[in-house]
Amino acid sequence: MALLTKKDTSLILDPLADNNPITIQVLGICSALAITAELKASVVMAISVLFVLGVGNVVISLMRNIIPSKIRIIVQLIVVATLVIIVDQVLKAFAYELSKTLSVFVGLIITNCIIMGRFEAFALGNGPWRSFLDGIGNALGYGVILIIVGFFRELFGSGTLFGYKVLGDPVTKTGLYATGYENNGFMIIPPAALIVVGIIIWVQRSKNKALIEEN
Amino acid sequence: MSDKKLTLKKRLHILKHRFRGKKMAPAFNAIHTFLFAPDETTHSGSHIRVADDLKRTMNTVIMALIPVLVFSFFNTGYQHYSAINGFPDNFSLVNDFLNWDNFWLGFIKVMPLVIVSYGVGLLIEFIFAVIKGHEVEEGYLVTGMLVPLIVPIDTPLWMLAVAVVFGVVIGKEVFGGTGMNILNPALTIRAFLFFAYPTWMSGDKVWVQGAVERAGTPDAISGETVLGYLAQNKGDEMAYTVSDMFFGFIPGSVGETSVLLILLGGLFLVFTKIASWRIMVSAVIGALVMGLIFNGVVEAGWIGQSSGFYGLMSFEFWKHLLVGGLAFGIVYMATDPVTGSQTNRGKWIYGFFIGFISVMIRVFNPAYPEGVFLAILLMNVFAPTIDHYVVRGNIRRRLNRLKNATVLPTNSGEEAKELKVETI
């Protein structure tokens, strides 16, 4: 038997495009607005969610038959909170500056709708391997959008990518800035992320007619 | 004229028929309808006969804007030369203001803004017409003229182009194009510019032509707006008189300064029934009420001279109408028939809050002493809600009238009896 059956592959690939947690299910928007002003923060956030959702889905899936359904939300919260604290401590230990940039938003992974949504909708009813794939797929789908939004916001808002000045120096007026170009302050503020996400949804729906809702 | 010699109109007509059904058809139709009256006739029975189609409505607004535009040529030059040479002691309208130097400087500085605004905006309209396969929409005609009039004179052209792309696509086309937009596209463009490039939109360097490029040199000039002075509590240093403010000999966005010409344009629009007088009147009332409240607060002694709000709060309430973009916003922006309220009662509420909130933002906004565009955009968002409740209220009132109606006796002996709504 192959490592990944066709169904397993679709668990990973569907959330990347046609069932994307951000652009189709419109979950996890708050963090997508808050931390995407820099590409680096977006990438770290994506990796953090990848870890929390991948491991969390497996843990919940393993415990799915012994969790009393009345207190399942509390159990899920304990699992996700434990994982988030691990991520937070690791960031503080090895990437202190970045953890300050992300500030409360690492802690707020607990409230990310995608994570509770996958626990409830998938991990409680499926085996550990498939839950793991589902968690990885959804976290990747979330991460891809985060990175696209972070790329455009950092490029146009600050003229940098990963902190590297790709468009020249705005103070000494080198590169593109010599021609009179200026950074777009609008891209720095969170509403710009909403508009970038909106444009991604627009492009995605105009490419894939199946996603257009009838009304 | 021989048949072989084709006029432009004929050529476009032929092209239009040749491209019918093709992807490029809307682009040719667009040029055709822009230059000539459309040659189509209604095929089915026509139910409404009116002389003013969308294009004529738009053209009327542009006609009302032309005096403002021409005045802005003179004022741009006047502010520039006055900032360099000092304001003339005995101001004479003909010699100091309406002269060729002023006009020419203003002309070569303002016209590029107009051209970029129209060029970029119409290009986007064309592209979307081709993509959607619709007829081109004339909606940009007015927006394209409003945009250069509400930006500072030295706005770099590429910034304006970026903002126009954003405003037309995000402000209008994503909602379905002309007539479907929630927000006024011209103000969306202004708001984008303000949040994206704040250093080019506020301060004392942007309102006078040439001030930005001269900054830091011995020839540096600056021109603070009236509201700018007041926001810094420097109202007594300001040299502008009330008549300067009314006639528009003050620094400001390109076309917003002359209240007199805006007033004339507004009267023209009301007379031609293009714009709603209810919105204009109620917005003026709203601004006056808010100004009176602030003046009252100052008179009651709740705000001292040291307060950061003192300058704007103590500004006489009626003068708020003369400065900044309030007059321009009320006459040309708030009355946009697409984004404003549709019901008569709704127009009163909508207009009142535009004036009220404009003056409020003026006083309390720490970053920028003007808030007309924010107030109008905010009320644009609320306009459908206002209309909804006005219509609901009307239905309820009529239902009540029906419930409480009494049937008058036909014979003198009978008593009046209540009409039951269930029986109808």
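A crossing of two helices is called left-handed if the near helix is turned anticlockwise from the far one by less than a right angle, and right-handed if clockwise. Helices here are DSSP runs of H or I with at least four residues, strands are runs of E with at least two, and both are numbered from the N terminus.

A few ground rules come next. This is a predicted model, in which local features need pLDDT of at least 70 and side-chain atom pairs count only at pLDDT 80 or more, while totals for chains, interfaces and linings use all residues. Residues are numbered from 1 along each chain as its sequence is written, and chains are lettered from A and ligands numbered from 1 in the order in which they are written. For the complex, the predictor gives an ipTM of 0.83 and a pTM of 0.85.

Chain A holds nine helices and two strands, in the order α-α-α-α-α-α-α-α-β-β-α along the sequence. Of the 215 residues in chain A, 34% are buried. Here a residue is buried if 20 or more other C-beta atoms, placed from the backbone, lie within 10 Å of its own, exposed if 12 or fewer, and partly exposed in between. Two residues are in contact if their C-beta atoms, placed from the backbone, lie within 7 Å. Among chain A contacts between residues at least 6 apart in sequence, 76% join residues at least 24 apart.

Chain B has 17 helices and two strands, and its C-alpha atoms take up a box of roughly 90 × 80 × 40 Å along the principal axes. Buried residues account for 44% of the 424 residues in chain B. Of the chain B contacts between residues at least 6 apart in sequence, 73% link residues at least 24 apart.

Where the chains meet, eight residues of chain A are in contact with eight residues of chain B. On the chain A side, these split into four nonpolar, three polar and one charged. In this scheme Ala, Val, Leu, Ile, Met, Phe, Trp, Tyr, Cys and Pro are nonpolar, Asp, Glu, Lys and Arg are charged, and the others, Gly among them, are polar.

Back to the helix pairs of chain B. Helix H8 (residues 185-196) and helix H17 (residues 372-403) of chain B pack at about 130°, with axes 10 Å apart. Axes are lines fitted to C-alpha atoms, for helices over the stretch in contact, and angles run from 0 to 180 degrees between N-to-C directions. H8(B) and H17(B) are therefore oblique to each other; angles under 35 degrees count as roughly parallel, over 145 as roughly antiparallel, 65 to 115 as roughly perpendicular and the rest as oblique.

Helix H3 (residues 54-85) and helix H6 (residues 140-149) of chain B pack at about 20°, their axes 9 Å apart. That makes H3(B) roughly parallel to H6(B), and this crossing is left-handed. Residues from H3(B), including B:Met58, B:Val61 and B:Ser72, meet B:Leu141, B:Val142, B:Met145 and B:Leu149 in H6(B). The contact comprises 10 nonpolar residues, one polar and no charged.
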